[in-house]
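Student: I have a multi-chain model open here. Could we go through it together, question by question?

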Amino acid sequence: MREWAAKHRWESILIVVLAATIVVNVSLSPFYLGFGNFVNLFWLSIEKIIVVIVMTFVIINGEIDLSVASVMGFSAAVMATLYEGGEMAFVLAIVIGIVAGALAGLLQGLVITRFGLPSLVVTLAGLIGFRGAARVLLEDRSVGDFPEWFERIGQQTLFGPFPVALVLFFVGLALAWIILERSAFGRKVYVIGNSADVARFSGIEVDSVKMRLFVASGTVAGLAGVLFAARVGAVQGTLGETYELDIITMVLLGGVSIFGGSGSMLGVVLALFTVLNIRNGLGLANIDGITQTGVIGLLLIGSVLVPNLARRYRLRRPAPEAMAHGPP
Amino acid sequence: MKANKRRSRVLGPLVVVALILAACGGDSGDTTTTAGEATTTAAEATTTVAAETTTSAAAETTTSAAAGGEAVEITAGDSITATFLPKCTNIAVFPQANSGAEEAAAELGSDPAEFVGPADCGDATGQIEFMTNAVTQGVQAIMLSNNSGDQLDAPAQAAADAGIPVVTWDSPIPSATGESVFVAQVDFDETGQVMAEMARTILGDDGGEFAILSAGPDSANQNAWIAAMEEVLATPEFENLVLVETVYGNDVAEDSVTAALGLADSHPDLELIMAPTTVGIVAAAQAMTQEGLCETIKVSGLGLPEEMAPYVESGCAPEFALWSFVDLGYLAYYVAYGIATEQIVAEEGTTFIAGRMGEYEITADPTRDAGLRVLMGPFSKYNAENPGT
Amino acid sequence: MTESAVAEAAPKSTRFLRPERVKEATLLAIIAVSVLVFAFLIEGYLSGRFFNRVTTSVVVVTLLAAAQALVIFSRNIDLSVGSIVGVAAYLTGDFLAATGQGPITAVLVAIVVGAVLGSVNGLLVAYGGVPAIIVTLGTLALFRTLLSIYSEGANVLAGDLPSWVLEFNNVTLFTIAGFQVRLVFLIAVFVVVGLQFALARLRWGRRIYAIGSNPSAAAQAGLPTASLVFWSFVGSGALAGLAGFMFLARAGTISATAGAGLELESVAAAVVGGVSILGGSGTMVGAFLGAVFIDTLKLSLVRVPEVSEFWRDAFLGILILAAVILDTVLRNRFNRRWSAEARKAMESTGPSAVGMARMAGGGGGTADA
């Protein structure tokens, strides 16, 4: 146990934070402990946490995708526009919507790999551009009245109390876990994240891995957009706006290095549980939205700062090497 | 509050009559409910008429209520738990509305409702979250200003299924799913009428060019008001008023200033900017002020008196209008409390007395295909004589 | 490696055709072309009036692009500038409403508020060892939350401010043929030129570039990297504070959401202006031109009736992408030519700044302390 904790320091800290959150929540609100609330807690953020899974890969690979929330909106807008036209079978509209997300990812991946541009800039352009595209498609309309079965996917339960999207999340999570930590592809993702040059020298097809990740990111964002539409029953051009911050926060809080190369699925899952529980607890304690966001922001900074300081004092060294003062 | 004085002068005698009638009906919750139900059929006939002729619906509601007679006075009873959920917590009008709700809660001997909401007025999922949490908490009433379209349908239905009345105010649920009743600030068609009239007052009888600076292209309330205004403009009375363009400032100060100046540059003959948003109107007034354009281009629309004061004084914004958000919150709380304590029933024809604001009637909502409405009204117009501050 | 060797990585002023100049000239040409295109599309577009519009409205974004560039040069990023603008604008407005002080005091208050918030970022990045993107993503939310709690939903009202505030943007120093040179624009230009000069000529400025080019080499060379990074964040915060004052003067009424979203605009302006997100390269003048370009587009697109409201974001995204692709293509051209020269010139000084920057490119171009 102690050995595991030493090896997984970050995950151990998260477990303590999560446990503390749960204890505080239970003591603050009598409504917290209930199966319905437990399902709600996931269900209310289901689109975000689905994208968190794939964002974990992207960041470990040393890249970032700021465009996910806009791609969510874009995919849902494509689907809604096709549905609105009325000519097409709705299932086909859904498929084309998700494919549009994949193409958005493909386009960004191409620009990133072909021109060697930083993903931060390319996906920033994507963040603005795909949101724009979603708004071009839907303008000021809110498209709803989807077939009943579609809304049931988002709103009703599949197995026992679990909505379809939640089941999808857990299946996806299990798959991602295996791919990231048990497959050759996962190892490549880590190696590239550590050093793209080293990866290249050791014969890893860096660009191809990057491409696949961005396409996956776009596809999953597209899927999340469609699920979003199913959950709320209507699509507007602003769907999912500013979700990227929450998504990236959860991944980084999970101990994934923003520089790539390190992080674990377990950490991300723990971070995700922690954030969802904190938001839920604050919500039940009637804390308004802006304060909730502030608390998460504080947590994000603290999650990197506290271990840094702890390490510094434990080692009785003036500063970690990375930001050491120069010699006198 | 100024608006209210005028109103209470009209309502005063009616309220006295209604109070007596309500007192006759008995003061326990159960009996008053029956009294409310009894009025239903009597009021229904007049309601439809009132709904058809929209311009001064507020006045007609009072008439029909007087005809129906037996209004239920909502009185203090048990304390209830409630959630007061605005579009977002950061725009000045919503804390104002909440202060009205707090005032009502104090009068009714109830704990104030929890004032929670998303940080961003466009965040529909934030509202879904707060709605769902409120249901989990088992509150006895939810007062909601819907910040999106149909996205709130499912959680509102969940609340209704859990027996929680959902009283919307400021902005309703379009399909009325799960909604008990909508407390409307003013009649949406009347908003169009009032804006057109203000434009005519400012531009004079010979008319001129004007433009609209709205919130966002997705803002449901603003779009409804603009559509209503365009309808009024199509009538011969207003044929001299030429609407040249509608632009959007996204309820962001910087964007609104940019959009307002863009209008000034694109249309050399522009004489008026009409902004049906409290953020937009003040930004437009400020933009005209700092570019020295106030002489040629005036600003009007829907604005908060305290924000508009310097521009009324300078003549940049000669006239604008708004309803009282404090009163809106107050009335919404009364309605929610009345329903939650079973003093009134959310159905067509129910008439009731809401504290200092007097008597109202629940009618079918003529602006939507479904749903019930309580119409607050009236507009207050603000100008140099009545700056409102 | 000695300090002077590290300083090699900074832009040298001896070479005539430096990439910075080429980028700036390209952007200037693009701005000119787009103005011509708009002049063709919009009736009565080319006028002193439009010049006055752009020069007034660009002030806030210019100051923020400068704030952003200052930290990006040292391979950091500041996503909290929008929130700093909000806090500075609100507190300065509150202060003015209470005291009725004059412009100089107001500007000082705004700058101090901004600098204090910037120092929070700086402390966490430089001495706490937390990557800038994480710190400022956190303070983006945190500063806004604190402002929201402080404001209790109430706005700073234009009517409570001293009357000079509402007229401040209109103060014109002199007019040439309808082209007004306004005080606010002059302040912004002065700030940009001053920073450009300081960064190019002062040791402090060259060190900032050196850190951005290669943080670990800079540290090994004995540069006080932590304090340099700290002060660049303080400077960035101060600039954002000044932008907050300008925002107050422009908007008059300030809500707790004032300035939200400006962080993305500032990054976009800096990047379009040729500031490399990988640090170590770019100029203040470039960032300024980037701000002018984006602002000109925004103000002009508003006036093209054929371009619907809904197209503007899509358009802006495409433009940013085009700008960075063009920038990369240009840079690669120059790099190829110069790496040959450089190889001859400095065989033994280790990997070139260009090489390091390319390697860091695999790291997502994100920040480092």
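Here is our conversation about contacts, helix pairs and a sheet.

Tutor: Happy to! This is a predicted model, where local features need pLDDT of at least 70, side-chain atom pairs count only at pLDDT 80 or more, and totals for chains, interfaces and linings use all residues. Residues are numbered from 1 along each chain as its sequence is written, while chains are lettered from A and ligands numbered from 1 in the order in which they are written.

Student: Which helix gives the largest share of the side of chain A that touches chain C?

Tutor: Residues are in contact if their C-beta atoms, placed from the backbone, lie within 7 Å, and by that rule 51 residues of chain A are in contact with 53 residues of chain C. Helices here are DSSP runs of H or I with at least four residues, and strands are runs of E with at least two, numbered from the N terminus. H6 (90–115), H7 (119–138), H11 (196–201), H13 (243–253) and H15 (289–315) of chain A each supply at least two residues to this side. The largest share, 14 residues, comes from H7(A).

Student: How many charged residues does that side of chain A have?

Tutor: Ala, Val, Leu, Ile, Met, Phe, Trp, Tyr, Cys and Pro count as nonpolar, Asp, Glu, Lys and Arg as charged, and the others, Gly among them, as polar. The side of chain A that touches chain C has 30 nonpolar and 16 polar residues, and its charged residues number five.

Student: At what angle do H4(A) and H9(A) cross?

Tutor: Axes are lines fitted to C-alpha atoms, for helices over the stretch in contact, with angles from 0 to 180 degrees between N-to-C directions. H4 (residues 46–60) meets H9 (residues 164–182) through residues including Ile53(A) and Phe57(A) on one side and Phe169(A) and Leu173(A) on the other. The two are therefore roughly parallel, a label for angles under 35 degrees. Their axes come within 10 Å and cross at roughly 10°.

Student: What is the handedness of the crossing of H4(C) and H6(C)?

Tutor: The axes of H4 (residues 81–99) and H6 (residues 132–151) of chain C come within 8 Å and cross at roughly 25°, which makes H4(C) roughly parallel to H6(C). Among the residues in this contact are Val87(C) and Tyr90(C) of H4(C) and Phe143(C) and Leu147(C) of H6(C). A crossing counts as left-handed if the near helix is turned anticlockwise from the far one by less than a right angle, and right-handed if clockwise. Here, the crossing is left-handed.

Student: How many residues of S13(B) are buried?

Tutor: S13(B) pairs in the antiparallel sense with S12(B) over three bridges, and three bridges join S13(B) to S14(B), also antiparallel. Buried means that 20 or more other C-beta atoms, placed from the backbone, lie within 10 Å of the residue's own; 12 or fewer is exposed, and in between is partly exposed. In S13 (residues 359–364) of chain B, out of six residues, the buried ones number five.

Student: Which residue in the turn between S12(B) and S13(B) has a positive phi?

Tutor: S12(B) and S13(B) form a hairpin with five residues between them.

Key: Two residues are in contact if their C-beta atoms, placed from the backbone, lie within 7 Å. Angles under 35 degrees count as roughly parallel, over 145 as roughly antiparallel, 65 to 115 as roughly perpendicular and the rest as oblique. Two strands pair if DSSP finds at least two bridges between them.
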